[in-house]
Amino acid sequence: MQKQNSILQGFSLVWQGLSVENIFRAGIFLVATWFVYFAIATIFMPYPIEYREGVSQVLTQLLLDGENPFSAANQPLAMTNYGILYSFVAYPFVVLFGNTLAVYRSINFIILLFIFLIISQTASKNGSDRYIAQACGLMIIIVIPSWGGFGAYPSVMGAFLFISAALVPFSFSFSIKSLWISAFLAVLAYYTKPYFVLSFGVVFGYIFLFVSKRKGLLYGFIFGLIFISFYLPVRLVFDFYFIDTFWGNIANTSRSFDHMRKQLFELVKEFAPIIGLM
């Protein structure tokens with residue numbers, strides 16, 4: 001009986017020493033550990049984890065071979081509704097390590113770590129406790145792969161550019177320099193995965209309605225200037241680029257409203273804990 005009492009007293013002392021903050025920190029550590037384990041297991045999975053995961057490999061291989069993915073000769077093999085920027089980013093890594101799915105998945109994992117830093121830093125700057133800010137960043141990078149996945153797709157990179165374009169002006173008090181950076185990132189988002197250009201609409205609408213109409217119009221002008229400067233050379237070099245990435249997506253819009261509503265519902269449901277923490 002005395003031995004049992006000693007054990008119970010020991011458990012009681014340990015429990016008393018565990019504050020809510022310590023339990024929260026332990027939870028963050030466990031979730032982060034699980035995330036890293038899941039990422040490593042997924043990266044080195046020897047077979048495709050999504051339908052048509054090898055699309056980016058095809059585009060990058062054509063670039064490696066000195067060919068134009070968006071020329072008539074490479075259509076419809078290289079046809080994609082996504083952009084070319086992801087393959088350009090992957091290009092040097094593919095040269096070094098080979099054109100394998102593991103390379104693209106590893107790139108996405110690194111980008112997710114950057115997203116974690118951006119979200120946690122922004123939440124911390126906005127007044128959140130350091131560990132709550134880290135929890136926000138962690139939940140974001142767990143939710144994003146559930147939609148874009150670790151697969152060899154540009155979704156994670158597009159999400160990174162979207163988030164960065166939206167948060168940079170906020171983080172730097174909507175300075176002129178931050179507007180240039182945001183507009184540039186929004187254009188890059190378009191050439192990564194077209195609908196992520198919506199970051200421009202989000203930032204423009206917020207600035208115009210709640211910050212300054214003059215700055216809002218200036219931001220729109222800056223975006224237009226950068227977009228045109230990219231559009232002209234891309235249009236001249238890649239014959240089918242805008243047919244594939246713009247008109248191809250436009251052709252699908254009439255069938256996407258129900259899917260869009262379902263996505264919005266799921267996004268609100270999954271991001272609710274992060275919104276609450278922030």
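Modeller: A crossing is called left-handed if the near helix is turned anticlockwise from the far one by less than a right angle, and right-handed if it is turned clockwise. Helices here are DSSP runs of H or I with at least four residues, numbered from the N terminus. In this case α7 passes α9 in a right-handed crossing. Please keep in mind that the model is predicted, so that local features need pLDDT of at least 70 and side-chain atom pairs count only at pLDDT 80 or more, while totals for chains, interfaces and linings use all residues. Residues are numbered from 1 along each chain as its sequence is written, and side-chain values use heavy atoms, with hydrogens and water left out.

Biologist: At roughly what angle do the axes of α7 and α9 cross?

Modeller: Axes are lines fitted to C-alpha atoms, for helices over the stretch in contact, and angles run from 0 to 180 degrees between N-to-C directions. The axes of α7 (residues 155-171) and α9 (residues 198-211) cross at roughly 15° and come within 8 Å. The two helices are therefore roughly parallel, a term for angles under 35 degrees, where over 145 is roughly antiparallel, 65 to 115 roughly perpendicular and the rest oblique.

Biologist: Which residues of α7 and α9 meet?

Modeller: Contact means heavy atoms within 4.5 Å. From α7 come F162, A165, A166 and P169, and from α9 come L198, S199, V202 and V203. Seven of the residues in this contact are nonpolar, one is polar and none is charged; Ala, Val, Leu, Ile, Met, Phe, Trp, Tyr, Cys and Pro count as nonpolar, Asp, Glu, Lys and Arg as charged, and the others, Gly among them, as polar.

Biologist: Where does F196 lie, and which residues does F196 touch?

Modeller: F196 is in the loop between α8 (176-190) and α9. Leaving aside residues up to four places away in sequence, F196 touches S155, G158, A159, F162 and A189. With 13% relative accessibility, F196 counts as buried, where buried means under 20% relative accessible area, exposed over 50% and partly exposed in between, with a 1.4 Å probe and protein chains only.

Biologist: How many aromatic pairs does a search of the whole structure find?

Modeller: Rings of Phe, Tyr and Trp (its six-membered ring) pair if their centres lie within 6.5 Å, and planes under 30 degrees apart count as stacked, over 60 as edge-to-face and the rest as tilted. The search finds 28 such pairs. One of them is the stacked pair of W34 and F38, at 5.4 Å centre to centre with 15° between the planes. W34 and F38 are four residues apart in α2 (residues 20-43), and so are separated by about one helical turn. W34 is partly exposed at 44%, and F38 is partly exposed at 37%. The rings of F200 and Y219 are also stacked, with centres 5.5 Å apart and planes at 25°. This pair ties together parts 19 residues apart in sequence, because F200 lies in α9 and Y219 in α10 (residues 213-237).

Biologist: What should I look for in the backbone of the loops?

Modeller: Most residues other than glycine have a negative phi, and most peptide bonds are trans. S173 is exposed at 60%, whereas F174 is buried at 13%. A cis peptide bond, with omega about 5°, joins Q75 and P76, and P76 lies in the loop between α3 (55-64) and α4 (85-97).
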